[in-house]
Amino acid sequence: MSATAPDAPPPAGRASEAEVRARQLLSRMTLAQKVGQMTQAERMHVSPAEVREFHIGSVLSGGGSAPGANRPADWVAMNDEYWAASMFEEDGRLPVPVLYGVDAIHGSNNVLGATVFPHNIGLGAACDPELAAAAARITAREVLATGVDWTFAPTLAVARDVRWGRTYESFSEDPAVAASYAGRIVAALQDASDGSLGPDGIAACAKHWVGDGATTAGVDQGDARISEDELRRVHAMPYRDALEASALTVMVSLSMWNQRRCHAHRYLIEDVLKGEMGFPGLVVSDWNGIDQVAEDYGEAVAQAANAGIDMFMVPEQWRLFISALTSQVQSGAVPMERIDDAVRRILRVKAACGLFGRPRPAQRKWSNHPSFGSPAHRVAARRAVRRSLVLLKNEDGILPLDPAARILVAGKNAHDRGSQCGGFTVEWQGVAGNDRIEGGTSVWEGVRAVAPHAVLGEDGSAASGSGELPDGAFDVALVVIGERPYAEGMGDIRDPSPVRPGAPRMPAGPEDAAGAETLQPYGQSLELAALHPEDLAAIRSARARGLPVVTVLLSGRPLVTTRELADSAAFVAAWLPGSEGGGVADVLFGKAGFRGTLPFAWPASDPQGDDPPGDVLFPVGYGLRYSC
Ligand code: GLC
């Protein structure tokens with residue numbers, strides 16, 4: 001799909017149908033239909049009947065918002081209802097198919113039984129864009145299996161301070177690495193790179209425009225106090241590759257640039273993204289992002305619309321939004337030309353997605369497809385896990401382990417598929433434990449499959465039933481430690497403080513609303529021994545048995561682990577590997593070698609104040625190999 005000025009002739013080629021369709025429909029639309037198309041509501045707050053009545057252009061699932069039993073069939077049935085409502089044609093109503101969006105950022109990760117891939121930080125450690133593209137192709141198919149057409153991915157943040165709770169959504173602190181992934185993932189998700197969707201594609205969403213990873217002290221939704229040169233050279237860079245691959249949508253960042261909200265930044269959206277970079281697709285706001293723009297809601301809506309936002313993610317208050325935008329157009333505060341540009345872009349994207357010609361969700365090729373969560377998909381995910389691992393220490397070549405060795409497996413993260421998946425998995429904040437991650441393997445389950453003399457110690461969060469483990473019964477300890485799941489600001493490392501007034505909350509459901517107002521950060525220090533002292537204790541307990549310790553860290557970012565490293569003979573950074581933790585065991589036992597390298601510098605000490613982490617223990621690109 002290529003950029004076209006409103007009065008220019010439609011582009012040639014495949015995008016022409018999309019352009020012609022958009023123009024034809026737009027010319028027949030009322031203001032109510034246009035404003036409805038610009039509205040994106042959350043499934044818990046809008047019914048199919050309201051989609052029909054208010055011409056709602058898009059529905060989304062916030063993290064953890066799932067229909068029925070959260071199986072593909074429940075999602076397909078839900079999407080089928082929304083689609084049918086949007087295509088209702090009687091009484092002169094224009095049928096315009098609804099676009100359903102989800103955060104499928106490391107697999108179809110909302111849905112029970114999905115294949116869950118390593119988060120982006122692990123894919124970045126693999127230094128293999130084609131590996132990430134393979135993951136994206138499988139993700140697209142497992143999203144299509146649910147009847148959904150749009151994912152809010154890839155995140156193209158270039159995280160510059162690992163205290164940010166979204167570091168794991170970033171591929172690297174190096175913009176060139178992020179850029180090398182951007183285009184490949186967009187083309188894989190969309191199953192095409194010419195501005196339309198291939199038969200196995202879903203619409204991609206490059207996010208969050210722009211500078212979300214540049215905020216001072218890594219504060220989520222904070223202020224990126226950087227020059228325009230740095231903003232362009234570092235943070236806008238990956239978007240060039242994403243747009244080159246014809247990403248159909250871009251999401252605006254909830255952060256600020258030099259104290260101005262990105263959601264109201266006309267220069268960044270209209271002038272740079274749409275003008276200079278020629279982005280022809282639709283720009284969507286982030287969750288209630290317009291609430292932060294101005295005290296007066298009408299003023300906020302006008303500023304955000306005039307800044308160039310085309311579709312508004314207003315999960316709960318979509319009626320208020322429709323009323324406010326309609327008033328702002330009628331008063332002339334928002335010109336009709338701006339509305340027409342927004343709706344033309346939305347219609348162009350829907351046409352480029354082939355939505356007007358596709359059958360209803362229940363009758364589509366991939367809906368409820370048996371490949372969802374299949375062994376073949378999990379094999380691909382397990383390979384990605386193997387390639388993502390980074391070996392930071394390997395004294396006396398203790399690794400690879402001997403499968404015949406007597407191994408004590410300990411550590412709270414050893415048998416916890418939920419924690420190894422991290423945030424944006426089944427629930428917005430993720431789910432610790434094993435109950436809600438169906439399929440896949442924990443690290444322990446991967447070890448147990450190859451090492452008959454391995455035993456899971458009590459502190460491996462699973463009663464091994466072995467009572468006190470006798471001394472002298474083991475040759476080596478494998479201690480698996482790390483973070484608990486988190487997402488967004490709740491993963492920040494900063495002083496605890498209530499969320500700024502007006503900052504969007506992200507309840508997984510109405511019952512969470514009260515809690516979400518006090519989004520507390522993960523901790524106040526990057527020191528793992530401060531965040532989880534039980535991890536150093538587990539390592540030292542194994543040492544006290546006279547055992548050499550192999551430590552595996554499952555985390556969404558580098559942490560200060562100087563003490564844990566000192567007490568370990570070997571140390572592996574495994575990031576957030578997803579559902580296929582068995583891939584960690586594959587490399588620990590030498591079935592594959594270590595290939596990963598650090599995508600972020602590994603800090604030697606806790607950063608103080610606003611400065612990003614300073615002294616480095618291991619540089620970007622560091623990673624040991626097996627000597628064998
Ligand atoms: C969140 C995130 C964004 C996500 C959106 C929908 O606030 O910032 O990445 O796509 O809401 O869940």
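Two strands are taken to pair if DSSP finds at least two bridges between them, and helices (H or I, at least four residues) and strands (E, at least two) are DSSP runs numbered from the N terminus. The structure is a predicted model, in which local features need pLDDT of at least 70, side-chain atom pairs count only at pLDDT 80 or more, and totals for chains, interfaces and linings use all residues. Residues are numbered from 1 along each chain as its sequence is written, and side-chain values use heavy atoms, with hydrogens and water left out.

Strand 5 (residues 205–209) runs parallel to strand 7 and is joined to strand 7 by four bridges. In this pairing, Cys 205 lies opposite Thr 249 of strand 7. Strand 7 also pairs with strand 10 (residues 282–284), in the parallel sense, over three bridges; here Thr 249 faces Leu 282 of strand 10. Strand 7 (residues 249–252) is covered on both faces, with Thr 249 and Met 251 buried on one side and Val 250 and Val 252 buried on the other. Buried denotes under 20% relative accessible area, exposed over 50%, and partly exposed in between (1.4 Å probe, protein chains only).

Arg 163 is located in the loop between strand 4 (150–151) and helix 7 (175–190). Arg 163 counts as buried because its relative accessibility is 6%. Its side chain makes a polar contact with the side chain of Asp 161 at 2.7 Å. A polar contact is a pair of N or O atoms within 3.5 Å; within protein, one must be able to donate a hydrogen and the other to accept it, and residues adjacent in sequence count only if both atoms are side-chain atoms. The Arg 163 side chain also reaches the backbone oxygen of Gly 609, at 2.8 Å.
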